[in-house]
Amino acid sequence: TPGKAPLSRFEPDQSIDYSDFIRKVELGRRFNNRPLTYTEKILVAHMDNIEEEILQRGKSLLKLRPRRVACQDATAQMAIIQFMSAGLSSTAAPTSVHCDHLIVGKKGQDVDLPHALNVHKEVFDFLSSACKRFNIGFWKAGAGIIHQSILENYAFPGGLMIGADSHTPNAGGLGMMAIGAGGADAVDVMAGLPFELKAPGVIGVRLTGRLPEWTAPKDVINQLVSILTVKGGTGNIIEFFGPGTKSLSATGMCTITNMGAETGATTSIFPYSDAMNSYLKATHRHEIAAAADFVANELKADEGAEYDQVIEIDLSTLEPHINGPFTPDLSTPISKFGDVSAQESWPPKLTAGFIGSCTNSSFQDMTRAADLAKQALTAGLKPKMPLFVSPGSEQTRETLRASGALAVFEELGSTILPNACGPCCGSFDREGMEKASKTLIRSGSEANKDAGQGTRNSIITTYNRNFTGRLDGNPATYNFLSSPEMVMAKIFSDNLGFNPIKDSIKKDDGSEFRFSPPKGESLPAGGYANTDYVFTKPPSNPSERDNIQVKIPESSDRLQRLSPFPPGRKDDIENCVILIKTKGKCTTDHITPAGPWFRFRGHLDNISNNTLIGAVNAENDQTNSVTNWITGQEGDTPGTARAYKNLGQPWVVIGDYNYGEGSSREHAALQPRYLGCLAIIARSFARIHETNLKKQGVLALTFANEEDYDRVHSSDRISILGISEISPGKSLNLQCTPTVGSRLPWTAKLNHSMTSEQVEYFKAGSALNLMANRKSE
Ligand code: F3S
């Protein structure tokens, strides 16, 4: 049938039906009586309430039915544990689990992967047994980074998916609306509930021209993040359009949409193009390619569709950029980078290069980097520092092997890490670099002035995030983000300011070498290798699945069955202490750091021992040092929270702007909830974290007057009044009572953004409690 294709090679019994897509888009266009952006077409095509809810950006609440769900091994543990506690037997939407975050990079694939399989055996056994039991596709350890595997196997133009990982938008480069959500949202969809989303604004980015030889798709997003900043995309979807979109490869567009997450945007998306069609065919999905061609006219914005804001980028004039350190929106064009880095006193010697991650590990990225490596090798140059390469997936690794690119990296002496996140998420055992044990953590432009103890050093990566300490746990590491081409060229000169476009490198014989612009292939000529052996399909027979035991050892310190949280308060919440008033950036990495803590993702009690240890205390500018206001003792942050929990003393957190930005990990909400936190009161929230708090029954409140943040002292007692009448759009009242000094008690208004359903979560104690209550009714 024209316009129909199997949903994926692994789910031939489910289909993509583009005729249905067209029908719904026409309905949505008629109902809204206006041309639609591509974003809005996908939204209406997946809405439950298509003829009930006008698309009012920033206002209407959409009930969406994603076509699939994906979780990585860190988020899947708690998502599946929650799914199990609700007593459900099979996922309602096609779901996959990808084992990528837990694999620590150190010596290379041959050592690191067996090590991970051994060390994380109980988690992988749990996930694989649970996947079989609940009808979930299981991508084994080393199969690939979640977003690469999604792209190569599941993504399709015009589709909608959610993933429990913030870089899910990667699939937007293949025309799919792919939204990074919390594990709690993933559980909802797995359970058959709609995914609720406030209709986003749509930021249009019009691309014209064609990238110059040295410039890469990474530079498009590096520049866009600097224009929008880490907050500028919040509440919006970034939709690319214009003639420049046709000149980009599908994987290049994925790099751009992947890192769109750094602006806080809900997701980013490109319209359907020939490059997407070619990519689908190269990954052996000819039927989807043909079906998408059938509906190509609807896989883009309507003529006359309006954007809330339009940003123009002329690809032809775009220079390579380097972003960082410590924040992804600090962008410097390569021509100015030498001067700026000297002025800012960034550590002038580069100490390591990293190529890969979900952002930049495509065949095109790797072949362009390999071309530069070949040039340098031919000239007799050697890298001046270690280079770590992470192929995005087994499929890409085997395709690179066949093309000869992998051999070039090996000839360089680089460490070829497993097909996994590795250093990108802090799963990295870096050798030969002293780490700070405890430090002041600063971010943004202040970071270069005081990055704390530990060896100050610069590194360059193709990754998407560079928050303090994210990669190697060393707050004194200055992580710069750039394209694979730039990373590869720069490892041959350890001078941070080296510009490979115009600078030359002195060879041993005294002659000068200068790189020619990189060349690469956007797709492998014979298509991608077949590596289906890294995938386990669940039994298709339900009775066979019902007999499978999910493996959770009783004695495990890594996996713990979940008990429901107590129901929410019915009356005013009085006399709370403030655990911490956070200052400046408080990302989910600060609330629940990654790295070694990944180990406890499935064990709420154990992982709670890292709660808020990276958050800066506004009272003393230190991390992990707060006062216990009951005893007057100084202590670490999670230990103090636990002491309050043991006393039955309710507590809150006071947060600054964009509280909870960064990754989607729901532990950042679960842990405070588990330790007795009743509310986070912030100047503003990052969207995913705010939703996660609501799902766990924690009040996510904002000061109606942002300046009230400054009036609160950590020693004050907080009451939240108006709980008995809590409802959508109705403010609550804050009563703040100083306990030291002569300040007088004061009151202020607090806002929340709970929908009526989310109010029910709060009352039930959590979304999961509500699901269980409804099931038993
Ligand atoms: Fe993994 Fe880094 Fe992407 S952690 S999912 S490779 S952003």
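How many nonpolar, polar and charged residues does the shell around the ligand have?

## Ligand shell

In this predicted model, the shell around the ligand has seven nonpolar, four polar and two charged residues. In total, 13 residues surround the ligand, and the closest are Ser357, Cys358, Cys421, Cys424 and Cys425.

## Confidence of the model

The chain has a mean pLDDT of 93, and 97% of its residues reach 70 or more. The scores of the model are ipTM 0.98 and pTM 0.86. Residues 437-452 call for caution, as pLDDT stays under 50 over this segment. For these residues, the model has 39 contacts beyond four places in sequence.

## Domains and their contact

The chain is divided into domain 1 (4-316), domain 2 (321-513) and domain 3 (573-776). Between domain 1 and domain 2, the C-alpha centres are 27 Å apart. Their contact takes 39 residues from domain 1 and 40 residues from domain 2.

On the side of domain 1 that touches domain 2, at least two residues each come from helix 4 (109-119), helix 6 (146-153), helix 8 (217-228) and helix 9 (250-259). Helix 8 gives the most to this side, with six residues. The composition of this side of domain 1 by class is eleven nonpolar, 20 polar and eight charged residues.

## Helix 20

Helix 20 spans residues 637-647, and its residues Thr637, Pro638, Thr640, Ala641 and Tyr644 are buried. These residues lie on the same side of helix 20, because they cover an arc of only 160° around the axis.

After helix 20 comes glycine 648, with a positive phi near 75°.

## Backbone exceptions

Most residues other than glycine have a negative phi, and most peptide bonds are trans. Which residues does a cis peptide bond join? The bond is between glycine 324 and proline 325, with omega about 5°. Proline 325 is located in the loop between strand 14 (321-323) and strand 15 (331-333). Phenylalanine 326 also has its place in the loop between strand 14 and strand 15. Although phenylalanine 326 is not a glycine, its phi is positive, at about 70°. Phenylalanine 326 is buried, because 25 other C-beta atoms lie within 10 Å.

Leucine 612, likewise not a glycine, has a positive phi of about 65°. Its loop runs between helix 19 (604-607) and strand 25. Is leucine 612 buried or exposed? Leucine 612 counts as buried, because it has 29 C-beta neighbours inside 10 Å.

## An exposed loop residue

Alanine 525 is placed in the loop between strand 22 (512-513) and strand 23 (535-536). Alanine 525 is exposed, because 8 other C-beta atoms lie within 10 Å, and the cut-off for an exposed residue is 12 or fewer. From alanine 525 to asparagine 658, the separation is 133 residues in sequence and 45 Å in space, C-alpha to C-alpha.

How values were computed:
Residues numbered from 1 in each chain as written. Predicted model: local features only at pLDDT ≥ 70, side-chain atom pairs only at ≥ 80, totals over all residues. Near = placed C-beta within 6 Å. Nonpolar A, V, L, I, M, F, W, Y, C, P; charged D, E, K, R; others polar. pLDDT = per-residue confidence, 0-100. Contact = placed C-beta atoms within 7 Å. Buried ≥ 20, exposed ≤ 12 C-beta atoms within 10 Å, placed from the backbone. Helix = DSSP H or I, 4+ residues; strand = E, 2+ residues; numbered from the N terminus. Arc of directions from axis to C-beta. Domains from an automatic or database assignment.
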